[in-house]
Amino acid sequence: MMQSIFAIQKSGIGVPAVPMEEVVIAADLSWAGLILLLPLISLVLCGVCAAMRVKSKAPAMITAAALAGSFVTSVALYLNYVPPGDVIPLLDWMNLSWGESRFDAFSANFALYIDSLSLLWIMFVTGLGTLITIYASEYMEPDLGKGYARFFAGVSVFLFAMGCLVLSDNLLMLYLGWEGVGFASYWLIGYYYQRPSAVAAAKKAFIVNRIGDLGLALAVYLIWVTFGTVQYDELMSVLQANDWRPEFEGWSVTAIPFLLMLAAFGKSAQLPLYVWLPDAMEGPTPVSALIHAATMVTAGIYLVARTYPLFLMEPVSLQVVAWVGGLTALLAATIGMAQFDIKRIMAYSTVSQLGYMFLGLGVLTTYGAAYHVFTHAFFKAVLFLTCGAIMHGFAGQLDLRKLSGLRHMKGWRITAWTMLIGCLCLAGFPFTSGYFSKDAILAEAFVTQGPGFEILGWIAIVTAGLTAYYTFRVWFRVCAGPVAFEPGDELHDGDAHHGEFHPHAPRFAINGVLLVIAIGALLAAVPYFLDNQADEHLAGGWIADMVHDSTAREGLPAGHGDVDGAHHATILGMDPHAAMYYISGVVGLIGLSFAAWLHLWRRSDADALSRWMRQRIWIGWLPRAMERKWYVDEIYHGVVRAPLWILGHMCHAFDRFIIDGLLVDGTARLPRTLARWLQPLQSGVVQSIALAMAGGVAIILLAMALFMQFDWPGGAH
Amino acid sequence: MFALLLLVIPILTAVAVLFVPERTIRTCAFLGSLVAAGVAILAAISFGGWGNGGWGLEYSTPLLPLYGIHLSLGVDSVALLLVLLTAGLMPLAILGSWSGIQHRIREYYTWLLVLSAAMTGVFLARDLLVFYVCFEFTLVPMYFLIAIYGSSNRAWASLKFFIYTFLGSLLALAGLLYVAWAAASHLGEWTFSIPALSDFASAGLTSTEQTWILAALLAGFAVKIPLFPVHTWLPLAHTEAPTAGSVILAGVLLKLGTYGIYRFVLPMVPAAVVEWAPFLAVLAIIGILYAALICWVQTDVKKLVAYSSVSHLGFCVLGLLALNPLGMQGSVLYMINHGLSTGALFFLIGMMYERYHTRDMGQIGGLARVMPVWSFFMVFFVLASVGLPGLNGFVSEFLCLMGTFAAGSTGAYPGLLGPWFAAVAALGMIFAAMYLLIMVGKVVFGPVREPANERGPLPADLNLREIIVLVPLAVGCVYLGVQPDVAMHAMEGAIRDTLAIYPDLAGSVHDMLASTGAEP
Amino acid sequence: MTVGMLAMAGGVSLAHALLLAGALFSIGIAGFLSRRNLIVMFLCTELMFQAVIIVMAAFGHWYWDFSGQVFIIFILTIAAAEAALALALVVLLHRRRATLDASAWRELRE
Amino acid sequence: MMDRIWFLLPELIMLTGAVVCAVSGLSRDVGVRRALPGIAIITLILAYAASGFVYEMPSDEASVGDAAAVFPWLARMMIPIASVVGVVLVLVQSGFVDRSYEDAVAAGRLQFDPLRSNRGEFWSFFLLSLGGLMLTSSASDLIWLFLALELTSLPTYVMVAIGRKDRVAQEAAMKYFFLGAMAAAILLLGFGLLYGATGTMNFAEMRDVLSARAGETGSIGSLATIGLLMSVLGVAYKLAAAPMHLYAADVYDGAAAPVTAFLGFVPKAAGAVGLMLLLSITGWTESGGSLPPAVLVTLWVIAVMTMTLGNIGALLQDRVKRMLGYSSISHSGYILIGIIAGPGAGYSAVLIYLLAYGLGNTATFAVLASLRSGGQELERVDDLAGLRERHPGLAWAMAISAGSLLGFPPLFGFWGKLLLFIAGVASGHLLIVIIAGINSAISAWYYLRLVALPLTGQGEGAGVTVERSSSVGPRYAAILTCVALILGPLLLMPMLDEADHAITQTTSVSEE
């Protein structure tokens, strides 16, 4: 049974199938390699700084400059961009060949695949990377001369790996970037390496990501075996031409998207692999902002978008993506509601928002997912960076119960107001960027037909309300209300004067970056209203343009005026898109007002509510479970880690006692044991020796006489 | 002539070391090994077989013409790569034991150099008996290195190492002699030339004979690799061996086993290999996972790395058994990569041990603060070992698994392994990350814990000599990670030659599968 | 049965001689294994030698071949040499231990 | 007949040397008495030269060698082997007989009394026994073989007894002698039955009779088989092969180390050669024929038992000579592989192996003979611990010889064993080769003690002070043999040619 992109229509999820144009090889654009080279150079220079124990801010400057260079190069590449894109070969990596056919060769090189999707990603990655590096140059000040260079080296590694991931022209280089960002994240989460929790979190992040990587690796194998190539351009033309290995058609076509999904869920912290992301907050806050909110965690969305045609070949896979995304969004939001650590709340909100993005991918709107990635990158960066500023100023204090009224404090106004901007966007407050990008996904959940997609849509709407609630819970608690604070336990040298704690407000670099990104978060709504350049039938403005020339083009929204067959669904009697503007706005406001009631106007009510719930058996488990993250970590520990650990000990014991002790040493002991048995023969008495000898002779002679066939009379004749 | 030089220079240096004044021993040994490395590089430059298969650097003189035994040397590109690895590791091993070995240094360097000659001889051999003599002789220097310079349990470890591998190789010898005899009775005259015997055996032996010979050869090579379940000598030997001994053991000696499979098992008994590949692959996979799980619960760092060798070499065997160029090139590359990264890990552990006299993860921790340079290298090589893309381990591991995954789907090559084998084996990637990162997390990161006993005379962090030991390995790791093509193109022809007999067997494999009702 | 067959096969005299030799050899070996006195043990070996001599003589007679006889001479010579050796040894041993019990000598054992 | 006498020139030289030694050992002149080893060496060299001379004579006989013998050229190979190992053995044994007596005489404490001196006898027995070994190789009939074997062993009984004047040596001599007498009786009975079965004593004629009978009835007959089996078992005593090996441990343990070195080689070589000759009567040659199944199975079982019992027995030993005694038993098992492999490759491998083993064995005892602890011989293996710290050369010699006995490349022992294995495989006895391989691995266990203790031990046996013995001969012997073990393989090519020649030249048909 042949399945192809065209076969999708049968399954009811209609997508237009447009043949793709050929991508050209453009060696003359090899200056684009600077995007990857500059972070590498900065890595080396940071390494030199670390080795020379430089005590100035040089590493930050170098890194910021390098990343800015990368950003400029990316923009220049965008300006030079001609659809449908280019492949820019940089360096040979692996080329094996043992025959004529495509299946008798394997090749994966360092080459850049430039299309609009990769450009979209690389631009916001490098742009935000630059800004956050500048922010970090101030944030990391206390570590000057200690881990400062190491930190920025890590950032450089991350940007390099992320560049590889986004720009690669084949799955293997993507894999390199994929593991590379995982490693960078390990590096940076474990930055405070003397804190055991940070080391454990780093380890957890790497290992959980490895599980996803396993999926990616197997997917790469399967893709190569099935299609004979791992390069995107070839892969796409193979798919177009239905020119793959027929014997692999059935199961491998089904398996590929699920394996890719595993990878994407690992990297983008979806169920069931999301557990590492909240722990990753052990890293310095700029890292959380850059890697664990804005950029790296969106790699999963990028992967799915990049390999979208493979997902389209197996419709069930996209349905799974949608459901996993939706459920993750809800689950993480419920956990986020019950946390007190503002960074963790943001972390769960990231998981939740990533869930939205996967929901978008699953309901066939790569556009919505990409747009949400874009807006989320800005507003979540703002939120994290403000959290970081607070943490920085209050000696690591992150408990929202111990901070209050920040907006009234001197020097903290910019922090408070930029945080408000971030919160508004996250909560989907009408006419903020988050509002538009979220709606693009929500609406599509009602439009696209799939198993229970409507329920999924309602789940997403409820989640939107919860999001608004927990977001403003943070803001109202921390920034509004009366001024009150307790310092955290990470006192720096300059913090305490005469035994009294003075929070030190952020200075120029932090404030400047906060402002810039906050403005960016607001402006992220603008692309929605831009005209479509590539195809006037499309809706969605610039972002849709950026998805249009890529492999993810099948998930683009058709124009609003264009009432084609796909848009027949209605919600509350309205066109879903139109309806969603109202519904999500209202839901957001409801969440916001709950937050305002419980955390701004009558904070005591919140405690009363919590007490009330905890005392009721029928509902008491809920807040507890939410606070304990639905016991997912414990479940993993009990179901996976502990059994494996026990198995490890069993294997070790087996190795020591059975294989080595019993089999090896036992065999080695055998000759000695045998010798001990035979020792009585050597009693030393001449008669017994003689007896043994004569007995031996007799036995041999008798045995021969009995068992050999003698012709007795044949002797003397 | 290069071949003879490669063999003779270490021996001459060893003899020289026996007689030079006490103070110049190390220098002499180091220079000798450098010269050997230089000659190896010259040999590599002059070698004409890069990429296109065939033998080079040939040298032959009769030893026992009655039995057709010749001192016949020569390399194909795979062997030459391993010769380069050996010659390259040797100066580092000598440099690395500069301060670690304080007594009986004359013998120490003699043994080290003799060992290098023997290992080189294994890779250079083109005659069965030359191979066997060198293969066997590697035991002696290694035995002494462990028995004289090892830790507390050295006597038992060296004995076990010796007898275990000796027994295995004697059985392999029996198998090889059988092949030689079968060839002699078929050809009418004795020959011990490896190519001639391979040509004969692959076609001239029945499948029953091939199966038995496979068993005999594996008795020798599987112990050396070591393959589960004959691996238990290795952790013991590694824990007891001195640093350079461990480095050489992991770096080169284990590769003698996989090289033996490459050189003898695959070309000589193809039918048996095809038939038994799944079984052996299962053993390799059990080894990968089993050893990885054991690594997880180790507290002795060196033992952990030793078990990780068992796990890693499982991938290498899997790649060989994939019976296609992908897996095999990955596997050969793996041999080199494992030599670099695990060798370096043993160096690092040795350097730690020299300072703290313990390898117990429970006693030691947070060294990143005390020894940042050491920690940098530790993390670097652990990552190379974990298989981080961009470093060397990744490429080979990836190709081994890919070859396994694609076995049977790569052109005309037969293969009974397949996706499931690769999928299960790939779990080893996760486990590797787990145990190695746990180790790093304990030893390098976390709060500082140092054992009570005072430091040795060494400075807290690595000195220049130690850095010089590690840097070439690190450079090698990066280079092979970024430019694996250089090595892979180099070995391409030789591997194609080795596999050339397999496509003919594809038909019989399908018949076999049809008869057993299995599906490819 | 054996006796009858031998008799049928080779005639009475040979069979008798061989039986005698067999009996002598058996007595010799039984004595060697059971007696402890060194001299008696040596005599038992002499018995065995004599048994062989009878075998040789009988077959030599049977084949009408002299080499059996020749061998007998040499066997006797060797036996004489051994006797000399044995006696010397016995004297030596007796001096050391003042006993001729073979089982007194059991220092060399496991 | 005179032609044969001519071929016996080497043995005659040995005999003459023995007489000279016996006489001059009684001399009151210390110088003359000290020169005895020299005389022995000269005798051996002369015998070697004579063997070369008579066999290379430009005559018609030269092409076939000693035409009356079963293997006309075997003596051409065996005499050099015996001489070479003999020379080393002389060095090992030099100066140890009557050492305390001679020391006392030299110090003037005692008057020299020819009746109390054993030195002359010892050396003459030494040469006689070696002469017996040489004679064995040229035996052409049962009488000759028996006499040669007895000539080989009778002197060794005496040597054991007088080599060391203590209780255990005499006990060893007693056991050796009495058990040897029993074995000789069994051997003789076998000979008698063989004679009865064939009606002739001459090997060539026996072969004709038996192969004719085998041609008619399909078997050589049960009387011949039983006779052959008994003869084989009798010879097994000389070879120290199971089940006739049980004396070996005690005797080797009890005798003085130099004598043990001698026991380890000379009777064993004679036994191996005797076995080759005995088996030739079945008509089994390189070109055809086979052993009767009963004999083959017996040999097979004996070989396996011998090597296994020898090796596992050695595992338990703490006393070094006892351990080496067991090791020597196991080597008989390996030699039997060559015997089983048969004429041609198997026998020539046996010859090479005899040389390799002889040198290796002698080397270990040379080291032991070079060492004394508390005025006594070294007893326990542990006494060797840390030998390297005081006597590095001897420690290395011990290690090299143990390595060679273990059959470790590239030492001589390895090549010997390799040739045996090749022959075994080539004759279709793969299984026994595998068993031998496993046995080699077992033997590594105890040989490695001989390597490890001297070289890596920290002097755990420090309670005993180990010093060098006063005579230098053993040390030279150790050095010489170790050099030979290392460099010997270089001469392997001509030696193998020679051995092959010695074996493949057979008297095809008897003259009658």
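The views below are taken from a predicted model.

**View 1. Arg53(A), a residue with positive phi in a loop of chain A.** Arg53(A) is found in the loop between helix 2 and helix 3 (58-79) of chain A. Its phi is positive, about 55°, although Arg53(A) is not a glycine. Most residues other than glycine have a negative phi. Arg53(A) has 10 C-beta neighbours inside 10 Å and therefore counts as exposed.

**View 2. Ala240(D), a residue with positive phi in a loop of chain D.** The loop shown lies between helix 12 (222-239) and helix 13 (246-254) of chain D. Ala240(D) is not a glycine, yet its phi is positive, at about 60°. Is Ala240(D) buried or exposed? Ala240(D) has 29 other C-beta atoms within 10 Å, so it is buried.

View 3. Most peptide bonds are trans.

**View 4. Helix 2 packed against helix 5 in chain A.** Helix 2 (residues 34-52) and helix 5 (residues 148-167) of chain A pack at an angle of about 160°, and their axes are 8 Å apart. Angles over 145 degrees count as roughly antiparallel, and the two helices of chain A are therefore roughly antiparallel to each other. The crossing of helix 2 past helix 5 in chain A is left-handed. On helix 2 of chain A, the residues that meet helix 5 include Leu36(A), Leu40(A), Leu43(A) and Cys46(A). Helix 5 of chain A contributes, among others, Phe152(A), Val157(A), Phe160(A) and Leu167(A). The residues of this contact divide into 16 nonpolar, four polar and one charged.

**View 5. The side of chain D that touches chain B.** Here 24 residues of chain D are in contact with 24 residues of chain B. On the chain D side, helix 20 (412-426), helix 21 (430-456) and helix 23 (492-504) each supply at least two residues. Which helix of chain D gives the most to this side? Helix 21 of chain D does, with 12 residues. The residues on this side of chain D are 19 nonpolar, three polar and two charged.

Note on methods. Residues numbered from 1 in each chain as written. Chains lettered and ligands numbered in written order. Predicted model: local features only at pLDDT ≥ 70, side-chain atom pairs only at ≥ 80, totals over all residues. Contact = placed C-beta atoms within 7 Å. Helix = DSSP H or I, 4+ residues; strand = E, 2+ residues; numbered from the N terminus. Nonpolar A, V, L, I, M, F, W, Y, C, P; charged D, E, K, R; others polar. Axes fitted to C-alpha atoms, helices over the stretch in contact; angles between N-to-C directions. Parallel < 35°, antiparallel > 145°, perpendicular 65-115°, else oblique. Left-handed = near helix turned anticlockwise from the far one by under 90°. Buried ≥ 20, exposed ≤ 12 C-beta atoms within 10 Å, placed from the backbone.
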